Amino acid sequence: MGDDPERLYRLDGVAHIAGGDQRRDGRLIWYRLDEPLVSAFIERWRPETHTFHMPFGECTITLQDVAYQLGLAVDGRYVSGCLTDFHMYIEGGRPAWVWFDELLGVISPPSQVQKFAVNCTWFQETFGEWPEGADEETVRRFARAYIMMLLGTQLFGDKSDNRIHIRWLPYVARLEEMGSYSWGSAALAWLYRCMCRVANRHLVKLAGPLQLLQSWIFWRFPRFRPAGYDTCSWPLASRRSGYSPSYSEKGPRVRSTQLKIDMLQPRDVIVVPFIWMPYSSPDVLQVVHPEALEPRHTALWRSVTLLIYFAVVE
């Protein structure tokens, strides 16, 4: 399923999103979040304009950034569905957990379920490694579970950060159609919504595809870019997958980052405050996947459109 290089741009090839590192609690992870850095930037986020207000002007994360940083399609069908009466929605009224059992070959114990979400640790313990000599159907079941973990932790994680919602069953039921959805626009919609919630002080804990935000900061703001990691790879966010931020006290680091942001001036001749066109460099052009540059994708980079992710419309 992920062996065809021509399909790596789509979600069919999921390895390019999650890498291969897994935490002991079962959550997939291919980056370490620099929480003080991200928190300081979110303080500059303005929900009314969906932009970061900086000393040199306004800037924001675009569909082009999603395409380059995460390698996800930004065109295709919208990611949405019914979140109420969930058990009646799936397969014409068939109980959701019956379908869960059919698609994944096992049912999670009640102790691992909270409403319609399953603990991520159970997923990892159950599907962490497929049995030797597995047949095609077993491989498909493990692929479905892996994609559900990927979606529930890397792209669309919530503040709980350890549960996988079964809203993804209709999507993983038809693996061959996974690449037809606009996962990139859905991820951006969710990131916008999560940053708006934090900016409005409705939530304290960060959530959403924060690896997108962090990598965007590294690529767009040279002053905050960690040293090393000179080898460019696809997708671009994987370039600094080995980055390990300092775990010193959060408060002082947030204030230090805030001060650095305050010092970003448009006429700074020592360090350019913001790179407006980071993807035109030869290093990027050598690794970018050809499908990302197809007109049907690039035409959307500057479009004014709605971003949809279930009940989230941005």
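Which side chain makes a polar contact with the side chain of Ser-233? It is the side chain of Ser-238, at 2.8 Å; a polar contact is a pair of N or O atoms within 3.5 Å, where within protein one must be able to donate a hydrogen and the other to accept it, and residues adjacent in sequence count only if both atoms are side-chain atoms.

The model is predicted, so local features need pLDDT of at least 70 and side-chain atom pairs count only at pLDDT 80 or more, while totals for chains, interfaces and linings use all residues. Residues are numbered from 1 along each chain as its sequence is written, and side-chain values use heavy atoms, with hydrogens and water left out.

**View 1. The whole protein chain.** The secondary structure comes to 13 helices and eight strands. Helices (H or I, at least four residues) and strands (E, at least two) are DSSP runs, numbered from the N terminus. Of the 314 residues in the protein chain, 49% are buried. Buried means under 20% relative accessible area, exposed means over 50%, and partly exposed lies in between (1.4 Å probe, protein chains only). Among contacts with a separation of 6 or more, 70% are between residues 24 or more positions apart; contact means heavy atoms within 4.5 Å.

View 2. Ser-233 is in the loop between H10 and H11. Ser-233 counts as partly exposed because its relative accessibility is 24%. Leaving aside residues up to four places away in sequence, Ser-233 touches Ser-238, Arg-239 and Val-287. Val-288 is 55 residues from Ser-233 along the chain, and their C-alpha atoms are separated by 8.2 Å. Pro-235 is also placed in this loop, between helix H10 (210–220) and helix H11 (250–262). The peptide bond that joins Trp-234 and Pro-235 is cis, with omega of about -5 degrees.

**View 3. His-50 between two strands.** His-50 lies in the loop between strand E1 (45–46) and strand E2 (51–54). His-50 has a relative accessible area of 18%, so it is buried. Although His-50 is not a glycine, its phi is positive, at about 55 degrees. The side chains of His-50 and Glu-314 are joined by a polar contact of 2.9 Å. Not counting residues up to four places away in sequence, His-50 touches Trp-45, Thr-60, Tyr-192, Cys-196 and Glu-314.

**View 4. Lys-115 in another loop.** Lys-115 lies between strand E4 (113–114) and strand E5 (117–119). Lys-115 counts as exposed because its relative accessibility is 78%. Lys-115 is not a glycine, yet it has a positive phi of about 55 degrees.

**View 5. Helix H5 against helix H7.** Helix H5 (residues 96–104) and helix H7 (residues 136–155) pack at an angle of about 120 degrees, with their axes 8 Å apart. H5 is therefore oblique to H7. Axes are lines fitted to C-alpha atoms, for helices over the stretch in contact, and angles run from 0 to 180 degrees between N-to-C directions. Angles under 35 degrees count as roughly parallel, over 145 as roughly antiparallel, 65 to 115 as roughly perpendicular and the rest as oblique. From H5, Glu-102, Leu-103 and Leu-104 meet Arg-141, Arg-144, Ala-145 and Met-148 of H7. This contact has four nonpolar, no polar and three charged residues. Ala, Val, Leu, Ile, Met, Phe, Trp, Tyr, Cys and Pro count as nonpolar, Asp, Glu, Lys and Arg as charged, and the others, Gly among them, as polar. In H7, 14 of the 20 residues are buried.

**View 6. The buried residues of helix H6.** In helix H6 (residues 120–127), the buried residues are Cys-120, Trp-122, Phe-123, Gln-124 and Phe-127. They pack against H5, E5, H7 and strand E6 (163–165).

**View 7. Helix H9 across helix H10.** The axes of helix H9 (residues 183–199) and H10 cross at roughly 85 degrees and come within 9 Å. H9 is therefore roughly perpendicular to H10. Leu-188, Leu-191 and Met-195 in H9 meet Leu-210, Leu-212 and Leu-213 in H10. By class, the contact has six nonpolar, no polar and no charged residues.

**View 8. His-297 and Asp-75.** His-297 is found in helix H13 (residues 295–298). His-297 counts as buried because its relative accessibility is 0%. Asp-75 is 222 residues from His-297 in sequence, but the two are 6.1 Å apart in space, C-alpha to C-alpha.
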